[in-house]
Structure formats: C-alpha cells, structure tokens
Amino acid sequence: MRKPFVGGNWKMNLDGAAARTLADDVARAVAADKLDRACDVAIFPPFVYLPHVFNVLRDRSSSVMLGAQDFWPEPNGAFTGEVSLAQLKDCGVQVVLAGHSERRHVIGEGDELINRKTRAALAAGFAVILCIGEKLDERAAGKTDEVNQRQLRAGLAGVPIEHAARLTIAYEPVWAIGTGKNATPADAQAAQAKVRSELGSIFSPEAASRIRIQYGGSMKAGNAAETLAQNDVDGGLIGGASLKADEFVAIVSAAAAAPRGR
Ligand code: PGA
C-alpha cells in the first residue's frame, strides 16, 4: 500500500516571518489531527528560509519534512549562485524537487541536467520528487503520454533500482500549473496509470507498484478529494494553495482520508 504524499512548493514567495508562521501553522495542524499517520507531508521554502523553517519544524518535533526546490548536482566548486546537496543536508533538507516545469520551461533546464540532478540526489540519500508533464500544445496534439514517457526515461536514465524506493513522481500538466485549470480526475488517473506502467518497464512492475505518483496543477482544497481518490494518484504537489495553511492542511486531510487499497 502506498502512503499518500503531499508537498507544498512555496516557490519564490513569502518573507522570513511569513515562512516561519506558515511552517508553524502547518506543523501544528498536522500534529493536532495526526494527519502524518496516513499521509507524508513536505514543505519546500525558498533556499534562504530553509534554516528558519528547519528551526520551526525541529522545535515542534514535527514529522513534516523539509524540502528544497532546487540544487546543483556537483559536490562543490565554482558554481556561482548554486547550492549543493551537502549544503542542503547540512540545513536539514530531506527531500528535493527535480525537473519542476518552471525549471524546465522558465529557467531552461533540459533532460540531461535533470537526469544528473535526479541521480545525484538519490545517490546522496535524498528523497526526490521528479516532476514531469506535458505543455498545452503537446496535450492538444495527443502527446501527453509520449511526453511523460520521454521525461521519465530521460530523467531516470542510470538510476539503480535500489534507489527507486526514495523516488516520487509528480505528474504536473504544465497548462494546469498556477492557471486555475486542472486535469479532470479521470485524465489525471489515465496519465498516471501510464506513468506507472512506464516505471514498471524502467524498474520492475513490483518497484513501480511502490512508487508514489503525485498530481500537481491547481490542486485546491475544493477539488482535491476527487483527484486523490483515483487509484494511481498518491498525493499532490501543491503550489498556490500551499501558501495558506488552512488550504494546504485541508488538502493533506483529503489525502489522508482518500480511499486506500492500492
Ligand atoms: P499550482 O502549482 O498548485 O500553483 O498550480 C503546482 C506546482 O507547480 O507544483
């Protein structure tokens, strides 16, 4: 059985005080309602606030995991402006994103770099959320599964099967991110079932049956439950709605309450 996993990607938002308050509110609510028994939760603050948020989570002995939105795959050296995995580990980070659509399509990261990042972070012991998903024109051309397959194959090239246990996939149709449009629950399920079968041929069907696949793209408290009830939707990666504690915690509650048995 796959335990649902919900991540809050704060992107380039908030200041230090707001980051502390949001982390504290999330940690308190998750503990009060014992949501962590049925759902793993991670939050991804901007780099500069990682130590602030780490302190808040530590002070509350929180099970909420600390995540980083990005990193550079080399261990150290002349990479001005970048942050290494060892530095993130030093700040208490447990989970990282790779291949987020804004890194791919706004910043311009390609499949090769995303693969290096994915391999490096898994090898360094981090949990990794590898994000994939099609753009609007690709969807219109019926290429959703083809794009997902390509991004999975490229992103996971050379990843040993022993590392699959620390891997999560986030299926995030690019046209649904931050737009208020989201895939229908049936569309998310159809795409994610294909993702799982592709993971089966990359690793093994058994390993694929244990990998969590999140949906991301305008998931909100009001629309989460139906999507999270789909067989191959094992949680969500949440952007805008993760910036309000009550909205984010409502999504975590919906994931914790989603029908099990998968
Ligand atoms: P959104 O972002 O929830 O604001 O659409 C999702 C994401 O980018 O992970």
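Q: How many residue pairs are in polar contact between domain 1 and domain 2?
A: This is a predicted model. The pairs counted have both residues at pLDDT 80 or more. Between domain 1 and domain 2, the count of residue pairs in polar contact is five.

Q: Which residue forms a salt bridge with Arg212?
A: The count of salt bridges between domain 1 and domain 2 is two. A salt bridge needs the nitrogen within 4 Å of the carboxyl oxygen. For Arg212, the closest N and O atoms are 2.7 Å apart. The partner is Asp40.

Q: Which element gives the largest share of the side of domain 1 that touches domain 2?
A: Strand S1 (5-9), strand S2 (40-44) and helix H2 (50-59) each supply at least two residues of that side. The largest share is four residues. Its source is S1.

Q: How many residues of the side of domain 1 that touches domain 2 are nonpolar?
A: Domain 1 brings 15 residues to the contact, and domain 2 brings 21. On the domain 1 side, four are charged and two are polar. The nonpolar residues number nine.

Q: What area do domain 1 and domain 2 bury between them?
A: The size of an interface is often given as the accessible area lost when the parts come together. Here, 63% of the buried area lies on carbon and sulfur atoms. The area is about 1,300 Å².

Q: Which residues in domain 1 lose the most area to domain 2?
A: Three residues together account for 46% of what the domain 1 side buries. They are Arg2, Phe5 and Phe47.

Note on methods
Residues numbered from 1 in each chain as written. Predicted model: local features only at pLDDT ≥ 70, side-chain atom pairs only at ≥ 80, totals over all residues. Heavy atoms only, no water. Contact = heavy atoms within 4.5 Å. Buried area = accessible area lost by both parts, 1.4 Å probe. Salt bridge = Lys/Arg side-chain N within 4 Å of Asp/Glu carboxyl O. Polar contact = N/O pair within 3.5 Å; in protein donor to acceptor, adjacent residues only side chain to side chain. Nonpolar A, V, L, I, M, F, W, Y, C, P; charged D, E, K, R; others polar.
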